[in-house]
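Here is a quick walk through one protein model, meant to be read with the viewer open. Keep the sequence handy as you go.

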Amino acid sequence: MYPKLYLKRNKEESLLRRHPWVFSGALARADGQLEEGTIADVCDSGGKFLARGHCQIGSIAVRVLTFRDEPIDRAWWIKRTAGAYAVRKALGLAGSRETTCYRLIHGEGDMLPGLIVDIYGDTAVMQCHSVGMFVHREDICAALREVLGGELRAVYDKSSRTAPFNAGLDAADGYLWKAEDYPDQEEKIVLESGRKFAVDWERGQKTGLFLDQRESRRLVMQFARGRRVLNTFCYTGGFSIFALGGGAASVDSVDSSGYAVEMADRNVLLNFGAGTPHRAFTADATKFVRDTDGRYDMIILDPPAFAKHLKAVPNALQAYRRLNASAIAKIEPGGILFTFSCSQAVLADQFRTMVFSAAAIAGRSVRVLHRLSQPADHPVNIYHPEGEYLKGLVLYVE
Ligand code: SAH
């Protein structure tokens, strides 16, 4: 028996349409004291069961785990994890020899709201974005071990920066489980589409790598031959490696993080050895693009989320516009521009309109060649369109 929450009259519509969030304004009352992270049942005003989920303090009051009246026990966590794994199997990612890093669990997209699990070879790296998921981390770890079996030799929890700060969890990052012979110090190397990447989930951003650009990196490879490439916001050099792999004449990588730039150099060395035409700069990328007198015929713009919430969208759009306008103005005739936004709050249409005005500011003739999005291991729950966060365009600048 789970504690119950009752919706106000006529507020059940979105749950009936399987949207996985309940907003606090829709709730009439609760029976008993509900703490953040507890599992509760959401009922309509007449007391009929609608969904079961994790309670949260804030505007989203419940994140739904199931629309069925079923216990959330070990077997349930295993079932959901197995469901996510089946999708990655279908995609050819789980068990692939070419790509040994992928997203196994993508929050709402895998009907596990608030949970991210990325696979790096034999290690699962998990980030809880809600107290409810954090409370269940041992169950999640057990489910990962059950589903992945011998493929898995360690589970690392990296929730200290993603779990809500105000919940007083004192979350510390660390291994929830490791096999006895799991090596501690050795550099971890994974493959993406056959290319090597050194990954350090303890020091790196997010879970270690940005796995959501896999498909766009392959596309960069297709366009790169003979081009002088500028890869901005390069992190550990993902796009740079594929540009070089595709035969780029030279690649310059720019990131504000010294650690990222060091790793980008490391990854170039790992894949192509010394003497590769690659330079990495620790710098502000927006300024770099504005001020450079380098001649580039391919530019990649993959900034961090400039808008973390709706209120920040207008300023974010301005910053994106400035960046895109400089790149469009600077790129050589016949140049290819890859431009992205990973802000969930910036909608695809707003992004496109922003790029349109950037092109107008730069006064260049621009064609859209490709519209890009997140890859299939970052699926979108059809009832939760907010899950579509990554937008990109490939442009041909005449
Ligand atoms: N393209 C990368 C992922 C980019 S994530 C990949 O394929 O892996 C965004 C990156 O932007 C992070 O590495 C972050 O360190 C960097 N960053 C944030 N603000 C920046 C700024 N003002 N100038 C340059 N880099 C910045």
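## Ground rules

This is a predicted model, so to read it: local features need pLDDT of at least 70, side-chain atom pairs count only at pLDDT 80 or more, and totals for chains, interfaces and linings use all residues. Residues are numbered from 1 along each chain as its sequence is written, and side-chain values use heavy atoms, with hydrogens and water left out.

## Helix α2

Start with α2, residues 74–90. Helices here are DSSP runs of H or I with at least four residues, strands are runs of E with at least two, and both are numbered from the N terminus. The 17 residues of α2 reach 24 Å from first C-alpha to last, close to the 24 Å expected at 1.5 Å a residue; the expected span is 1.5 Å times one less than the number of residues.

Trp76, Trp77, Arg80, Thr81, Ala84, Tyr85 and Arg88 of α2 are buried. Buried means under 20% relative accessible area, exposed means over 50%, and partly exposed is in between (1.4 Å probe, protein chains only). These buried residues pack against β5 (49–55), β6, β7, α3 (131–135) and α4 (137–148). After α2 comes Gly92, with a positive phi near 80°.

## Helix α7

The other helix to look at is α7, residues 258–272. It has 15 residues and reaches 21 Å from its first C-alpha to its last, close to the expected 21 Å. Its buried residues are Tyr259, Ala260, Val261, Met263, Ala264, Asn267, Val268, Leu270 and Asn271.

What do the buried residues of α7 pack against? The partners are β12 (188–192), β13 (195–199), α6 (238–245), β15 (250–255) and β16 (278–282). Gly273 follows α7, and its phi is positive, near 80°.

## The cores

The largest nonpolar core has 39 residues, and Tyr120, Leu209 and Phe338 have the most contacts inside it. Such a core is a set of buried Ala, Val, Leu, Ile, Met, Phe, Trp, Tyr and Cys residues joined through side-chain atoms within 4.5 Å. The elements giving two or more residues to this core are β10 (154–157), β13, α5 (214–223), α6, α7, β17 (298–301) and β18 (335–341). A second, separate core of 32 residues includes Leu93, Met133, Leu152 and Ala179.

Zoom in on Leu209: leaving aside neighbours within four places in sequence, Leu209 is in contact (heavy atoms within 4.5 Å) with residues including Cys101, Tyr120, Val190 and Phe197.

## A pocket with charge

The second largest pocket holds about 270 Å³ of space. A pocket is an open set of points on a 1 Å grid over the protein atoms alone, where a 1.4 Å probe fits, with protein on both sides within 12 Å along at least five of seven lines; lining residues have an atom within 4 Å of a point. Grid points are joined across faces, edges and corners, and the volume is the space filled by probe spheres set on the points.

Of the 16 lining residues, Glu186, Glu187, Lys188, Val199 and Asp200 are the closest to the centre of the second largest pocket. β13 and α7 are the elements that give two or more residues to the lining, and α7 gives the most, with four. By class, the lining has six nonpolar, one polar and nine charged residues. Here Ala, Val, Leu, Ile, Met, Phe, Trp, Tyr, Cys and Pro count as nonpolar, Asp, Glu, Lys and Arg as charged, and the others, Gly among them, as polar.

## Residues worth a click

Most residues other than glycine have a negative phi. Met111, in the loop between β7 (101–106) and β8 (115–120), has a positive phi of about 55° and is partly exposed, at 44% relative accessibility. Phe233 has a positive phi near 55°, sits in the loop between β14 (228–232) and α6, and counts as buried at 17%.

Leu65 in β6 (residues 60–66) is buried at 2% relative accessibility. Leu65 and Pro20 are 45 residues apart in sequence but 7.6 Å apart in space, C-alpha to C-alpha. Pro20 lies in the loop between α1 (13–16) and β2 (21–23), and its C-alpha is also 7.6 Å from that of Tyr383, 363 residues away along the chain.
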